[in-house]
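Morning, everyone. I have one structure to show, and I will keep to a few points about it.

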Amino acid sequence: MSTKKLLITALLAAAGLARAQLDVQPVPALPQASALPVDWQHGVFMEIFVRGYQDSDGDGIGDLRGLIRRLDYLKKLGVSGLWLMPITASSDHDHGYATTDYRRIEPQYGTLEDFDTLIREAHKRGIGIVMDYVINHASWEFPAFQAALRDRDGPWRNWFVWNPDPGPGWDIWGKYPWYDATTQPWTWQGEWKDMPAPRPGSPDVYFGTFGPQMPDFNLRNPAVVRYHEDSLRFWLNRGLDGYRLDAAPHLIENNARDWNDQPESRALTKHFQDLIKSYPGRYVVCEATAKPIDYGAPELCGGAFAFNLHADMMAAAKGEAEAVQRVADYYRSMSPTMATFLHNHDIFTGQRVWDQLHGDEARYRLAAASYLLLPGTPFVYYGEEIGLAGIDGKTPRDDAPLRAPMSWTPANEGPDGFSTSLEPYRPLSLNRSRHNAESQQRDPDSLFNFYRRLIALRRALPSLTLGRYEADQVVGQAWSFQRVHGRERSLVVINYGDRPAQLRVQGLPSRARGRAAYPQQAATLKADASGQAAVTLPPLSLRVYRIEAP
């Protein structure tokens, strides 16, 4: 290309940038050593919906300053990291996945200075911060998309995916994922399946995996990839400890059949993982619902949420023997880089634990033990540790029941509650009179203190944090397994049944002794010469032993 043409191209791009009001400035890499302990990412994380955690200014909406105020609570619980649902500016002003600016804090949450303070104060307490990054799509209000609509020949058009005649056969979760911008489909209020199909031949038909409000980026365009690279570095340079990459398998779609988990998406995911981990001590975890084990591997994302396991853990907690066996089998083949959870912010992962178990606290504790004492990186959903119940939703697919304000006090009003506002952004949980952080911390037998003890046990015993999963046995509704790291060995036994269970644990060192680690008053375990030991478990109970060879 001639010098004159290069100059014209640059001027046109600059004009488009001004119209788009989008910061696309290059961000140089400034990697610095992590301020956190080695292996911090193998501790327990908490997923936090900032809007729902703590309001600091009385507007009824949680914010970063409110989260900073609660860091001592999180340190007391024992978590090593926080995953923050999207905190960048968005058009939905709720869940945050419709991003309007990748380099700006959602104004209702605070400022970049508040973010810097959060990082600094969290690090003082040994807590890392991982941020949600929405890499697949933006909001329809994203300036580049608006510029692309105004000028079909402009520099921003190729940032998104357009097709005047995408053809039949497309079906993503029951909806046709192509939308005609001339009809303003982002204003549609009905069911997606009822939306009229785009008019054939319309030049403004765009692709949106998750609906018309969130157009997909064209990640075949190097300029878009560079923008995300720079935006990832923008936060890493400020001290961020890693990312949760949203919807990683959906970065590239090839056709109506080959739209999920394409080779190109995998290559991009690995590329972004490498960029993030070029900063020492950083952590990456991906959302990949279809093939999570693949994405958890180091050669792809390096970490991924263990979808499907969460449902089996909840079924096991309800006493389903087949589910107990499935959970045991999953851990036998699971990579230690997987991220485990009981449910999260999406209703398709289930209601809150309290609601799924109908308030049965004995089974609740066993559900927690099913992942807090096992391989992988456990992610606790905010409020799970106090038994926070959900609220009513408008539809069965509504995520709002999972995203109510955190219950800090019985009334949850005044300076110690969620907000001083009498009208928070969403109704408060109905079980807050007893299941609030203040009351739960005072009660030594509460769910909070159960979570705190198990997390402390995990931190204290490297075998529970980093150890191999060995010698698992399932007998009816009872499950035993060992965790081994170096010369340290732990034995965990769980009875999900409502009757006593007797197990003959195998695979222990000859004549080993097991000293009770939880509960500490449990009797000492003794193995015979063949490495077997008899264990009797009360109904709905947990035992953890430190195994000592003679």
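Predicted model: local features only at pLDDT ≥ 70, side-chain atom pairs only at ≥ 80, totals over all residues.

Residues are numbered from 1 along each chain as its sequence is written, and side-chain values use heavy atoms, with hydrogens and water left out.

Two packed helices are described by the angle between their axes and the distance between the axes. Helices here are DSSP runs of H or I with at least four residues, numbered from the N terminus. Axes are lines fitted to C-alpha atoms over the stretch in contact, with angles from 0 to 180 degrees between N-to-C directions.

Start with H9, residues 309-317, and H12, residues 361-372: their axes come within 8 Å and cross at roughly 140°. That makes H9 oblique to H12; oblique is what remains once angles under 35 degrees (roughly parallel), over 145 (roughly antiparallel) and 65 to 115 (roughly perpendicular) are taken out.

Which residues of H9 and H12 meet? Met313, Met314 and Ala317 in H9 meet Arg363, Ala367, Ser370 and Tyr371 in H12, where contact means heavy atoms within 4.5 Å.

Now H10, residues 321-333. The axes of H9 and H10 also come within 8 Å and cross at roughly 140°, so these two are oblique to each other. On the H9 side, Leu309, Asp312, Met313, Ala315 and Ala316 make the contact. Their partners in H10 are Ala323, Val324, Arg326, Val327, Tyr330 and Tyr331.
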